[in-house]
Amino acid sequence: MVLNCLLLAGLAVVANSNQARAQTTTSASAAGSCPTVLTSSNYDAPVVGSGYTAQLVVTGLTKPRGLIFDKSGALLVVESGVGITRIQFNDRGGTCLVQDKSSALVRDDSLNHGIELSSDSQTLYASSSSEVYSWPYDPTAQTLGTKQTLITNMSNTDHTTRTLLLSKKFPDQLLVSRGSSENIDDDAASITSGHSQIRVFNISSATSPYTYATDGRMLGWGLRNSVGVAEHPQTGGLYSVENSADQLVREGTDIHQDNPGEEMNFHGYLNGSTESQGGNYGYPHCFALWDTNLPDKGDMKVGSQFVLDPSATLNDTTCAEEFVAPRLTFQAHMAPLDIKFTADGSLAYVSFHGSWNRDEPVGYKLSVVSFANGEPVEAADSTEAAVDILSNADNTKCPGSCFRPAGLAIDAQGRVFMSSDATGEIYVLQRAEMTATGGGGGGGGGSSTSGGGTLVTSTATTSTTPNAAARQAPGKGLGWLVVTLTLSLSVVGGAFLVVA
Ligand SMILES: [Ca+2]
Ligand SMILES: [Ca+2]
């Protein structure tokens, strides 16, 4: 009898008091509980880097690639070969985001990776392998206006993503990155081909669609396939991450296992200065050294660029003198696909899709690179610039039973979202410094994959408010009821006594 009264009174208070509900929700978030937690059954639990908490928050997508948040807080996802899907979360704080609603914003099977939004979210941009499009977008009504074609004539085989980056510093400047048509693309040696280039287009002054190879301004060429492009939030410095070549042989020696390194390149600023801009970054002539065990290495270091067959007119010295060297070099074949800066510019997250051109798989992870004063902290010949944040437990199972990082987005709270195209998933990661409860020691130090962070894999025992999953799953209802009673009594004890 007494218990029944307690139960009814407690529930009545919770049901009728928004204030009480808000309090219990906050209490639950601080305790780190989450009512709905997804796990992947297709591969081993990911390893999370020290100072981070990670959680799987979306499953069931088709090849999710580029990600971006709109002004309403919804996540727009390019599903390659499908279109753009809009996902709304029920945000319970921390890494606890429950997918609330998902809708098809664009259905166009030619869209495959690139996505951008104007800073007011009123214009949406996306790319196919041949064109860049824009639509008027209303994030509140979730509607699109008539599609316009902005840039054309980008078709080529092999590397078909066309990454888009709209400058925050100069909002009418749209960067478009285009890769090579094959592993070693001789056309890329011709500046007029438009292959393996990053170009920038003024989208406010366009009267008709631009032709990629001849319009716009070239930020860099000789960039084999620079899928990730980012603008430093403080300095406006432009960086890209490049997928370098496969199956290389130098002077008759097979060097492909550990060379060439993947690259991070610097492309100057959009402030009108051409300093550090417009140069040739090497491909298809010069490649960056990762493993220094190379025939006729000379005094080259990690990041120095080398040729495959030296001649009088094209050799390692020519590479050093006439081509732009990478600002950082990463392990060969890790396949960087995206780079995103934190709001304070102190970190750049880089997604590595993972290798195929190597006996032992590498990559298949999300890493972070430290920046200071708009530049990477590590020297150009460092092999430790990329620190692992989310990695597969056993790369020998990749690519078959592994997640494969593709697109990245950082939300207004600084949480990092990462798509895995192979598994149709999205993960969220949060740094410990950002959480109310603290703990952990940040993301720095070493390049180990030994973990030390937290992967959220099960719901905690305290679920304090109803949620979509509980409502849809009757089996979970009783547990919620009991927990609600306990917490409502503790949180609103004063109110309960008055009712009793
Ligand atoms: Ca290069
Ligand atoms: Ca490669």
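The model is predicted, so local features need pLDDT of at least 70 and side-chain atom pairs count only at pLDDT 80 or more, whereas totals for chains, interfaces and linings use all residues. Residues are numbered from 1 along each chain as its sequence is written, and chains are lettered from A and ligands numbered from 1 in the order in which they are written.

**Overall make-up**

The protein contains 6 helices and 33 strands. Here helices (H or I, at least four residues) and strands (E, at least two) are DSSP runs, numbered from the N terminus. Of the 500 residues, 46% are buried; a residue is buried if 20 or more other C-beta atoms lie within 10 Å of its own, exposed if 12 or fewer, and partly exposed in between, with C-beta atoms placed from the backbone. Among contacts with a separation of 6 or more, 62% join residues 24 or more positions apart. Two residues are in contact if their C-beta atoms, placed from the backbone, lie within 7 Å.

Strand 4 (residues 75-79) has 5 of its 5 residues buried, so it is largely enclosed by the rest of the structure. Leu 75, Val 77 and Glu 79 cover one side, and Leu 76 and Val 78 the other; all are buried. Two strands pair if DSSP finds at least two bridges between them. Strand 4 pairs in the antiparallel sense with strand 3 (residues 64-69) over 4 bridges and, also in the antiparallel sense, with strand 5 (residues 83-91) over 5 bridges.

Leu 76 takes part in both pairings: Ile 68 stands opposite Leu 76, and Arg 86 in strand 5 is the bridge partner of Leu 76. Each of the two hairpins contains a glycine with a positive phi, as the table shows.

| Hairpin | Residues between the strands | Glycine | Phi |
|---|---|---|---|
| Strand 3 and strand 4 | 5 residues | Gly 73 | positive, near 95° |
| Strand 4 and strand 5 | 3 residues | Gly 81 | positive, near 85° |

Elsewhere in the chain, 4 strands form an open sheet in the order 12-13-14-16, with antiparallel pairing. Strand 12 (162-166) and strand 16 (217-221) stand at the edges with a single partner strand each, so one side of each is left without a neighbour in the sheet. From one strand to the next, the twist averages 20°, where axes are lines fitted to C-alpha atoms, for helices over the stretch in contact, and angles run from 0 to 180 degrees between N-to-C directions.

A hairpin of 6 residues joins strand 12 to strand 13, and these two strands pair over 5 bridges. Leu 165 has Leu 175 in strand 13 as its bridge partner, while Arg 162 stands opposite Arg 178. Strand 13 (residues 173-178) also pairs with strand 14 (residues 197-202) over 6 bridges, and here Ser 177 stands opposite Ile 198.

**Nonpolar cores**

A nonpolar core is a set of buried Ala, Val, Leu, Ile, Met, Phe, Trp, Tyr and Cys residues joined through C-beta atoms within 7 Å. The largest such core has 100 residues, and those with the most contacts inside it are Ile 84, Ala 126, Ala 348, Tyr 349, Phe 417 and Tyr 427. Apart from this core lies another, of 12 residues, which includes Leu 248, Phe 287, Leu 289 and Trp 290.
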